[in-house]
Every structure is written in structure tokens, then in C-alpha cells.
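Welcome! Let us take a walk through this structure together, one part after another.

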Amino acid sequence: MLEALADSTRRNIVSRLSTGPATVGELATTVPVSRPAVSQHLKVLLEAGLVSYRPRGTQNVYRLEPAGFEALREWLDGFWQDVLDAFETYADRHIEVRKEQR
Amino acid sequence: MMTPTLSELRKTATVRLAPEEAFELFTDHMAAWWPLATHSVGLEKATGVEFEPGVGGQIVETSLGGSTSIWGTVEVWEPPARLGFTWHPGTPVEEATRVEVRFHATGSGTTVELIHTGWDARPDGVEARAQYDPGWDFVFGRYAEAGDGGLTT
């Protein structure tokens, strides 16, 4: 999921979709890549669960998928929680060692 | 209009150290406490991480065989109160996000507050974000992938 956003074009697409749903053609006018490239990027975002689409006539209209972003936020939250927990644990041990040395 | 943004993410830790000591531990001694095996580019191959002091200093991970990965570059160095750095483990520098760490003295120690921001702090605001780089503020790439296994401690 995070891999999907490790690309500035895909983040541009996400940014555009955050203002409202759009078709591939509409997206291609806002990012400096071709329509096939936009489709390819959308495929990655779809697989990551960050966007979804609904057919409208002959075209698909893409939109952001809130559940995907919620999962991403939870992942990040867990990442930093782990890091800070490790920091706290080490700091506590650091203090114990220092006390013993006194 | 629904706008699912990843607004800034805040986490805090509390340690029984003075802010000066907490700042030093966070930076100079990062290798001693950072969970490298699960939270790094090289994972089990990661051998260390160095936080170079001062503005312009880099956070550099080293791995078996001598390869290195730069996690970010220091932008704010104000010991013992504040630390800021770009954050792009495993991805190009232009895809960097930003992390700020603040050290607040409390009665018996220090509260360490970590803030991972959602957007580049551009003075020219929304338009610039849309035109240049939306700056979504995530932990990207392989680093992130790596973390999937590291969520539970």
C-alpha cells in the first residue's frame, strides 16, 4: 500500500482525486503523463485499495477509497509507536544502568 | 466533498531524562535504540544507523556489505527542544516527507512528541501543492513494506 504512494505521479493522481471523482481522460489532463500511463498508475492504486471506480457510460469514474487511507494511517501510527516504544524502553534501561554505576 | 487526507500524525513518548539527555539519546545514540531489524531498509541486514548532528546532517543506515541508505536530512537542529528532518527511507529525496520531534520538559522527565506532517509547508499554499508536489506524507517504499512485519512488537 505504501509502495503505491512512493511515486510522485501517483500522489498527484491521489491529490487530484481528493477534490472529486474523475475519469482517466480527466486525470490525464492534470498530470504530465499519457493516458496509458495514468491507467497503469490507477491499476497500482486500485490494487493497493486506495482508489475504486464505477462505470459511467463507456468510461470508469475513479474515486478515492477512504478505507484504504484509514489503513495507511493505522500503519503509520503503528510504525511510529514501535519506534517511540523502543526509545522509551532504551531510555529506562539507560537510567537503570546509570543508577547502578553511581 | 469527502477528502481523505492523511493529516499530521502525532505520537508521544515520556522518558525520565532531562531534555538535553533525551535529545542526545534520540540523535547521537539512535543506533542503540532504533528497532533496525524491523524498521529499516535493510531489515535483518541492517547493521547500524547514524544521525549526523546539525542542520544538513544526514540519517544514514548501514548494511552488511557496506551499503548505505539515507533516511533523511536534518533541517532543524535546536537542542534540546526541537529537531526536524526530511524523511525518505528507500525512496528518492524528492519524495521526502517531514518529521519533527519536540522535547518538552515535564516534572520528572521529558515528553518527546513526534509529528509526521501531511503536506510540505509551502507558503504559497494549496495551488503550489497541486502543481508541484502534493507531498503526501507517508513512509514510502521498501522501508514501508518492511514495516508490515514490524507492526507488532
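Predicted model: local features only at pLDDT ≥ 70, side-chain atom pairs only at ≥ 80, totals over all residues.

Let us begin with chain A as a whole. Its domain assignment gives domain 1, covering 1-64, and domain 2, covering 66-102. The centres of domain 1 of chain A and domain 2 of chain A, taken over C-alpha atoms, are separated by 35 Å. Where the two meet, domain 1 of chain A and domain 2 of chain A each give 6 residues to the contact. On the side of domain 1 of chain A that touches domain 2 of chain A, there are 5 nonpolar residues, 1 polar residue and no charged ones.

Now look for the sheet of chain A. This open sheet has 3 strands in the order β1-β3-β2, and the pairing is antiparallel. Its edge strands are β1 (22-23) and β2 (51-56) of chain A, each of which pairs on one side only. In general, the strands of a sheet pair through backbone hydrogen bonds, either parallel or antiparallel. Here β2(A) is joined by 6 bridges to β3 (residues 59-64) of chain A, and the two run antiparallel. You can follow the pairing residue by residue: A:R54 has A:V61 in β3(A) as its bridge partner, and A:S52 stands opposite A:R63 in β3(A). Between β2(A) and β3(A), the hairpin has 2 residues, and in this hairpin A:G57 takes a positive phi near 65°.

Which helix lies across β1, β2 and β3 of chain A? That is α1 (residues 8-17) of chain A, running at about 90° to β3(A). Helix α1(A) is largely enclosed by the rest of the structure, because 7 of its 10 residues are buried. The buried residues of α1(A) are A:R10, A:R11, A:N12, A:I13, A:V14, A:S15 and A:L17.

The axes of α1(A) and α3 (residues 35-47) of chain A are 10 Å apart, and the two helices pack at an angle of about 80°. This makes α1(A) roughly perpendicular to α3(A). From α1(A) come A:T9, A:R10 and A:I13, which meet A:V38, A:H41, A:L42, A:V44 and A:L45 in α3(A). By class, the residues in the contact of α1(A) with α3(A) are 5 nonpolar, 2 polar and 1 charged.

Next, let us move over to chain B. An open sheet of 7 strands is found here, in the order β1-β7-β6-β5-β4-β3-β2, with antiparallel pairing. At its edges stand β1 (9-15) and β2 of chain B; each has a single partner strand, so one side of each is left without a neighbour in the sheet. From one strand to the next, the twist averages 20°. Inside this order, β5(B) pairs with β6 (residues 97-105) of chain B over 6 bridges in the antiparallel sense, and B:T86 has B:R98 in β6(B) as its bridge partner.

Two helices lie across strands of chain B. One is α1 (residues 19-27) of chain B, which lies across β1, β2, β5, β6 and β7 of chain B and runs at about 150° to β6(B). The other comes from chain A: α4 (residues 66-101) of chain A lies across β1 and β7 (110-117) of chain B, running at about 15° to β1(B).

Although B:L43 is not a glycine, its phi is positive, at about 55°. Is B:L43 buried, exposed or partly exposed? B:L43 counts as partly exposed, because it has 18 C-beta neighbours inside 10 Å.

Terms used
Residues numbered from 1 in each chain as written. Chains lettered and ligands numbered in written order. Pairing = 2+ DSSP bridges. Helix = DSSP H or I, 4+ residues; strand = E, 2+ residues; numbered from the N terminus. Contact = placed C-beta atoms within 7 Å. Axes fitted to C-alpha atoms, helices over the stretch in contact; angles between N-to-C directions. Buried ≥ 20, exposed ≤ 12 C-beta atoms within 10 Å, placed from the backbone. Domains from an automatic or database assignment. Nonpolar A, V, L, I, M, F, W, Y, C, P; charged D, E, K, R; others polar. Parallel < 35°, antiparallel > 145°, perpendicular 65-115°, else oblique.
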